[in-house]
Amino acid sequence: MQEHYAQITSQYVDSALTETGTFPVDSTVAKLLGATQLKPETSRSASVGLVLNPLDPWYLTIDAFFIKIKDRINLSSNLDVSSDTVADYLAANGVTATYDAVRYFTNAVDTRTRGVEVVNQYGWTFGNGQKLDTVLSWSYNDNKVTKVHDTPAILSELGITGTLVERRERYGMLGDSNPRTKLDLGLDYTIDSHWSTSANVNRYGWYKTYSNSGVQYDQWFGPRWTLDLSAKYAVGNWDFSVGANNITDTRPGRVSAINNTTGAYVYSLYSPLSWSGRYVYGRVGYSWK
């Protein structure tokens, strides 16, 4: 799909409106600006796991993993082709349309991912027949770009500065712009054959976003906690549920003023949390038995 993808968009790049063309790697304009045939990504991975059952209702699992991806397919940075030099070069080779920026898919980076996940499960059954099942999990993920391949020589010859992978992509979207840690606590309480309740507590860790305009625009975002609650009543083939996701109405971290000059992006785009906050619902279900 990436080889033949094409799109023309108007978008804001560092607060400036640009006309950007995304071109297939076998198109004339992309090949003139250094695009080459895409290669399949290759990967190597290793994982190790441990399962413990210290007591009958207690299970503990630990999994660690390591993944290396070579020649990862990713969109190039926006290549500035607005100069007269580039326009004359493209026109001389049959491309008469004008763009502010051009990009195409590349095999420009190698990446590494490593992490660990711990899941602890324990259940209680009480004398009155009621049950409490708990799941506590914690995960850590570290993503990093380990290599950026050479920029095509034609870009330097045309005075197009930068690399195929912009700073925001290299250190951010392919690296630290996702929380490295996540903590989940799930509680399911069964009262009887009709009533049950559940609660889920989630914590997303710190993360950092990066700007193409310089380190002064980079921004750290703090951890966020959320709480989900629900209750269900079942009778016969019917069940009735009410609940709320993110009942505390937690929102993503706010974008700093220097990164939100247009006022369009109040909250971080990279947070796993929705901008919408609390979500309350009611649900009716019927099952054929």
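V284 is exposed in this predicted model, with a relative accessible area of 55% (exposed means over 50%, buried under 20%, and partly exposed in between, using a 1.4 Å probe and protein chains only). This valine sits in strand β15, strands being DSSP runs of E with at least two residues, numbered from the N terminus. Together with V235, W238, F240, Y286 and W288, V284 makes a nonpolar surface patch of about 670 Å². The elements giving two or more residues to this patch are β14 (238–245) and β15 (279–286). Such patches join nonpolar side chains within 5 Å, from residues with over 30% relative accessible area and no salt bridge (a Lys or Arg side-chain nitrogen within 4 Å of an Asp or Glu carboxyl oxygen).

Turning to S198, what is its setting, buried or exposed? With a relative accessible area of 18%, S198 is buried, and its place is strand β10 (residues 195–204). The side chains of S198 and S230 are joined by a polar contact of 2.5 Å. A polar contact is a pair of N or O atoms within 3.5 Å; within protein, one must be able to donate a hydrogen and the other to accept it, and residues adjacent in sequence count only if both atoms are side-chain atoms.

A friendly word on how to read these values: residues are numbered from 1 along each chain as its sequence is written, and side-chain values use heavy atoms, leaving out hydrogens and water. As the model is predicted, local features need pLDDT of at least 70 and side-chain atom pairs count only at pLDDT 80 or more, while totals for chains, interfaces and linings use all residues.

Conventions: Helices (H or I, at least four residues) and strands (E, at least two) are DSSP runs, numbered from the N terminus. Patches are made of residues with over 30% relative accessible area and no salt bridge: like charges are joined within 9 Å, nonpolar side chains (Val, Leu, Ile, Met, Phe, Trp, Tyr) within 5 Å. Accessible areas come from the Shrake-Rupley method with a 1.4 Å probe; for residues, only the protein chains shown count as cover.
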